Amino acid sequence: MTSMPPEERIGSHVKRAEQALLAAKNAALRPAGVTVPQYAALLWLAEKPGISAAALARLCGVTPPTMTTVLKNLQERGFVERSPHEWHRNVLETRLTPEGRAALEQADAGAVRVERALAAAFTDEERELLVRLLGRCAEVLDAQR
């Protein structure tokens, strides 16, 4: 017997919700031919053209080696282009190609449908509370590292 029953573990509930979200987004992104990590990278690249792989990894919540793989796959498909930074030759800048922008637009339509369906399950007040509570979860867990 453990010292805390599984149904009382908040982490289990958070993980279950995360897995359900990822499964729903993967299904929504399938027609665009991208994965959730690839979509996240495309989304951030649209907002921050020229960003480095390391900075992109931080924004997407993945490790730098994982982002390297994601970018390699996106580059092979012609969705991103990478070129040396003007002043820092060891840093590669990454930008969306027109094909990448088109893939992002298709993928984003599916992802937004998932996000809107999720948001519609809550009142405005519940959504605000949920965001605050999840933020508090992140703060507590960050402090545990």
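Colleague: Which residues have the most contacts inside the largest nonpolar core?
Modeller: The model is predicted, so local features require pLDDT of at least 70 and side-chain atom pairs pLDDT 80 or more, while totals for chains, interfaces and linings use all residues. Residues are numbered from 1 along each chain as its sequence is written, and side-chain values use heavy atoms, without hydrogens or water. The core (buried Ala, Val, Leu, Ile, Met, Phe, Trp, Tyr and Cys joined through side-chain atoms within 4.5 Å; buried is under 20% relative accessible area with a 1.4 Å probe, protein chains only) has 26 residues. Those with the most contacts inside this core are Val34, Leu42, Leu56, Met67 and Leu74.

Colleague: Which element supplies the largest share of this core?
Modeller: At least two core residues each come from H2, H3, helix H4 (64-76) and H5; helices are DSSP runs of H or I with at least four residues, and strands are E runs of at least two, numbered from the N terminus. The largest share is six residues, and its source is H2.

Colleague: Which residues does Val34 touch, leaving aside those up to four places away in sequence?
Modeller: Val34 is among the core residues with the most contacts. With contact taken as heavy atoms within 4.5 Å, Val34 touches Leu29, Tyr39, Leu42, Arg77, Phe79 and Ala107.

Colleague: What covers the buried residues of H5?
Modeller: The buried residues of H5 are Gly100, Ala103, Leu104, Ala107, Gly110, Ala111 and Val114. One of these, Ala107, is touched by Val34. The cover over the buried residues includes strand E2 (92-96), H1 and H2.

Colleague: What distance does H5 reach from its first C-alpha to its last?
Modeller: H5 has 23 residues, for which the expected span is 33 Å, taken as 1.5 Å times one less than the number of residues.

Colleague: Is Glu7 buried or exposed?
Modeller: Glu7 is found in the segment before H1. Glu7 and Gly110, 103 residues apart in sequence, have C-alpha atoms 32 Å apart. Since its relative accessible area is 58% and the threshold is over 50%, Glu7 is exposed.

Colleague: In what order do the elements of the protein chain run from the N terminus on?
Modeller: The protein chain contains six helices and two strands. From the N terminus on, their order is α-α-α-α-β-β-α-α.

Colleague: What percentage of the residues of the protein chain count as buried?
Modeller: The C-alpha trace spans about 55 × 35 × 30 Å along its principal axes. Among contacts between residues at least 6 apart in sequence, 48% join residues at least 24 apart. Of the 145 residues, the share that counts as buried is 26%.
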